[in-house]
Amino acid sequence: MTAAHEPITFAYWVPNVSGGLVVSTIEQRTDWGYDYNVELARLAEANGFDYALSQVRYMASYGAAYQHESTSFSLALALATERLKVIAAVHPGLWQPGVLAKLVASADQMTGGRMAVNVVSGWFKDEFTQLGEPWLEHGERYRRSEEFIRYLREIWTSDHAELSGDFYRLHDFDLKPKPVDVPGRAHPEIFMGGNSTDARGMGGRVTDWYFCNGNTPEGIAEQIQDVTDVAQVHGRPAGAVKFGVNGFMVARDTEAEAHAVLDEIIAKADVEAVEGFGSAVRQAGQSTGDKLGMWQDSEFKDLVQYNDGFRTGLIGTPEQVARRILEYKKRGVHMMLLGFLHFQEEVVHFGREVLPIVRELEAAELSRVG
């Protein structure tokens, strides 16, 4: 089936780092601890969420003073739930891919095939250099990530894994146990995110899912077309790459109330932290040849939600938010990756007030187009 015929899926950002999902002093009834996140995962599973994405941070940045490691945290959440799929963000250069492949295969066995990875090429130089690892230039980071993904795919699917690359090598290796044999899935799903030409190329060539930073429906459609074109040129079948979009949701009883919350978030932004984050991330795009990296056109207010989540426009009444989600789906989006101010209560509100409208709109659209 095409994206238009499949229900759109929902993921949420796991708040496994302190500070919540906005760099602001506004009250956030969200906690980064284990017990809070186990309860959140169970609530999310019961309220229409299919995936949970654990962030990866190795040191303090833009207000995130404390961080839980992503792979262990993802496994813990999967073991505490029954159906929720978990995505652990990982950095090539800080992980040896064979070790990660072994960990994920074991975690996949423990969870009945619910483990996935989000391969992050990296933007925060200090995380590498302060851990004693080299910091590669932008294009080289993506070349390394592409080899990393090819390595994972090879070791998960071959009994005699072989790879000879510039960064990684495999020699007649047989990983046992391999990941769970899940119908319709060749191996644990591989996600990535980006905006640059390097990222779009890598996404089209090797990944299963491509995450986009927050953007307008038109801006997302342009990225989807680029990545899809690359996939087609490289002989991948139609639909080989699926697309997700980051969005920060503020759904309230009235549009005015929702926008008042957004205005308060921005008015109470931690200016020093936001500007520090902006300075750090802009080098990621400026280091590309065509200056198309993430955050290059982000304004101060966009950076208060550090993946441009406000730009997706999920601000308003439940019906307004649901209709906005359908605009993205019509342009080829398969998944919305959501963040909230007060995670537990707003996840429940999403399942009760927003999701039913999304499903009604999907059914109406499917009836209209046949």
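**Asn-37.** I looked up Asn-37 first: it counts as buried because its relative accessibility is 0%, and buried means under 20% relative accessible area, with a 1.4 Å probe and protein chains only. This is a predicted model, where local features need pLDDT of at least 70, side-chain atom pairs count only at pLDDT 80 or more, and totals for chains, interfaces and linings use all residues. Residues are numbered from 1 along each chain as its sequence is written, and side-chain values use heavy atoms, leaving out hydrogens and water.

I found Asn-37 in helix α1, residues 34-46. Helices here are DSSP runs of H or I with at least four residues, strands are runs of E with at least two, and both are numbered from the N terminus.

What does the side chain of Asn-37 reach at 3.4 Å? I noted the backbone oxygen of Asp-31. Setting aside neighbours within four places in sequence, I listed the contacts of Asn-37 (heavy atoms within 4.5 Å). They are Val-14, Pro-15, Asp-31, Trp-32, Phe-73 and Leu-77.

**The barrel.** Next I traced the strands. I counted 8 strands closing into a barrel, in the order β1-β2-β3-β4-β7-β8-β9-β12, with parallel pairing. From one strand to the next, the twist averages 25 degrees. Two strands pair if DSSP finds at least two bridges between them.

I checked β2 (residues 51-54) against β3 (residues 85-90): they pair in the parallel sense over 4 bridges. Ser-54 has Ala-88 in β3 as its bridge partner.

**Strand β9.** Then I turned to β9, residues 242-248. Is this strand mostly covered or mostly open? I found it mostly covered, with 6 of its 7 residues buried.

β9 runs parallel to β8 (residues 209-212), joined by 4 bridges. Trp-209 is partnered with Lys-242 in β9. β9 also pairs in the parallel sense with β12 (residues 335-339), over 5 bridges. There I saw Gly-244 opposite Met-335 in β12.

**Two helices.** Last, I looked at α2 (residues 70-79) and α3 (residues 97-111). They pack at an angle of about 10 degrees, their axes 10 Å apart. That makes α2 roughly parallel to α3, since angles under 35 degrees count as roughly parallel, over 145 as roughly antiparallel, 65 to 115 as roughly perpendicular and the rest as oblique. Axes are lines fitted to C-alpha atoms, for helices over the stretch in contact, and angles run from 0 to 180 degrees between N-to-C directions.

Which residues meet between these helices? From α2 I noted Thr-71, Leu-75, Ala-78 and Leu-79, which meet Leu-100, Leu-103, Ala-107, Met-110 and Thr-111 in α3.

Notes
Buried means under 20% relative accessible area, exposed over 50%, partly exposed in between (1.4 Å probe, protein chains only). A polar contact is a pair of N or O atoms within 3.5 Å; within protein, one must be able to donate a hydrogen and the other to accept it, and residues adjacent in sequence count only if both atoms are side-chain atoms.
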